[in-house]
Amino acid sequence: MTVGENIQKYRKGLGMSQEELGQKLLVSRQTISLWEKDQTIPTVDNLIRLKEVFGVSVDEILGLENETQITYYEPNEVYRFNFMNTELNEIHRLQRKAVYRKPILFTLISAFLIVFFIGSSAPNIMIGAAFGILFIGTVYHVKEIRADNKALENSIHRICESTYEYKVFEDYITVNIYRKNELIRESKCYFTDIEQIQQLDKWLFFRFCGQSFIVRKNDLKENSAFYSYMYKNPSKTTENIIPNKWRAISNVLFVASLLSILGAVALLGAVSSSNNLFDENMWLFFLFTPIPIASVIFGFVLKSKGYKYKKNIVAGIIMTFFLCIYGSFTFIF
């Protein structure tokens, strides 16, 4: 391919017009048109800018790739995927299910805390804090859900029209995207650059350079490099199956962390009912901090073993923070 054809291919792959590319390079649309017609060629400075915009090397723009090397290295695995609307809707449904899980759990816990505080005649500051957490968390989760749904829905039509070709080599993967039998995007990903692989029922999602690509698990070879990579890099793989013993400990510490503040309130109420010194007894909240701290520590243990860990760390940090805040009221007031 000529220099002009390469520039046109990479520009269209990014969905940019000639005018948009010209604005990024600080040149006119006519200049871009002349390049693509091979009537002129970019200067060295413009080639460097084109390299940064397209995310490819200058040699690739100039068409100087070593073709003998390309034909010499045969891929170990080759896969081509076309995705139908029904399949993408199923993926969307599974992803949406995971997105909704956290907001629902957060809302239930927040509502329970509010009801508990009101029923136990807790101080207004604690009730107000619980309402504030519920409001802020609700706004955050609603915004996050809307953004995720919009992004997923916008991508369905584009993915249905495309064919994805994966070539797996010894150290890297190439992803070629075709639309109407025309190559519109080429990407090269070294295994060391993979940011994350997510298992979702019948599919794998591998992510690199901020982009996610879908792989159908049923079409992979049993000894596929994808599985080998996941086995060797558990910390980059989500949805790992946690052994029953570890899962039980994780769940117990997670629930205990969430209930620790309720236990502290119950103990505070029992002690204060006998001496009527509510503020002076708030230090009792500190007695429950070892529970969420243990959850945080165990979360990091799970992380080191490549398992899901965030819920233990997040719940532990949040509950430790609130226990310390309420416990400090004895010294503040």
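View 1. S162 stands opposite R179 in β3. The model is predicted: local features need pLDDT of at least 70, side-chain atom pairs count only at pLDDT 80 or more, and totals for chains, interfaces and linings use all residues. Residues are numbered from 1 along each chain as its sequence is written, and side-chain values use heavy atoms, with hydrogens and water left out. Strand β2 covers residues 162–168, and its pairing with β3 is antiparallel over seven bridges. Strands (E, at least two residues) and helices (H or I, at least four) are DSSP runs numbered from the N terminus; two strands pair if DSSP finds at least two bridges between them. The hairpin that joins β2 to β3 runs through three residues.

**View 2. Strand β3 and its pairing with β4.** In β3 (residues 172–179), six of the eight residues are buried; buried means under 20% relative accessible area, exposed over 50%, and partly exposed in between (1.4 Å probe, protein chains only). Strand β4 (residues 182–190) pairs with β3 in the antiparallel sense over eight bridges. V175 has S187 of β4 opposite. Two residues lie between the strands in the hairpin of β3 and β4, where K180 takes a positive phi near 55°.

**View 3. The salt bridge of R80 and E165.** A salt bridge is a side-chain nitrogen of Lys or Arg within 4 Å of a carboxyl oxygen of Asp or Glu, and by this rule the count is six. The side chains of R80 and E165 meet at 3.0 Å, N to O. R80 is in strand β1 (residues 77–82) and E165 in strand β2, so the pair ties together parts 85 residues apart in sequence. R80 is partly exposed at 48% relative accessibility, whereas E165 is buried at 9%.

**View 4. The network of E87, R216 and D219.** Salt bridges link E87, R216 and D219 in a network. The side chains of E87 and R216 meet at 2.9 Å, N to O. Since E87 lies in helix α7 (residues 85–119) and R216 in strand β7 (residues 211–216), the pair ties together parts 129 residues apart in sequence. In the salt bridge of R216 with D219, the closest N and O atoms are 2.9 Å apart. E87 is buried at 15% relative accessibility, R216 is buried at 16%, and D219 is partly exposed at 37%.

**View 5. G13 in helix α1.** G13 belongs to helix α1 (residues 3–13) and is buried at 17% relative accessible area. Leaving aside neighbours within four places in sequence, G13 is in contact with I184 and R185, contact meaning heavy atoms within 4.5 Å.
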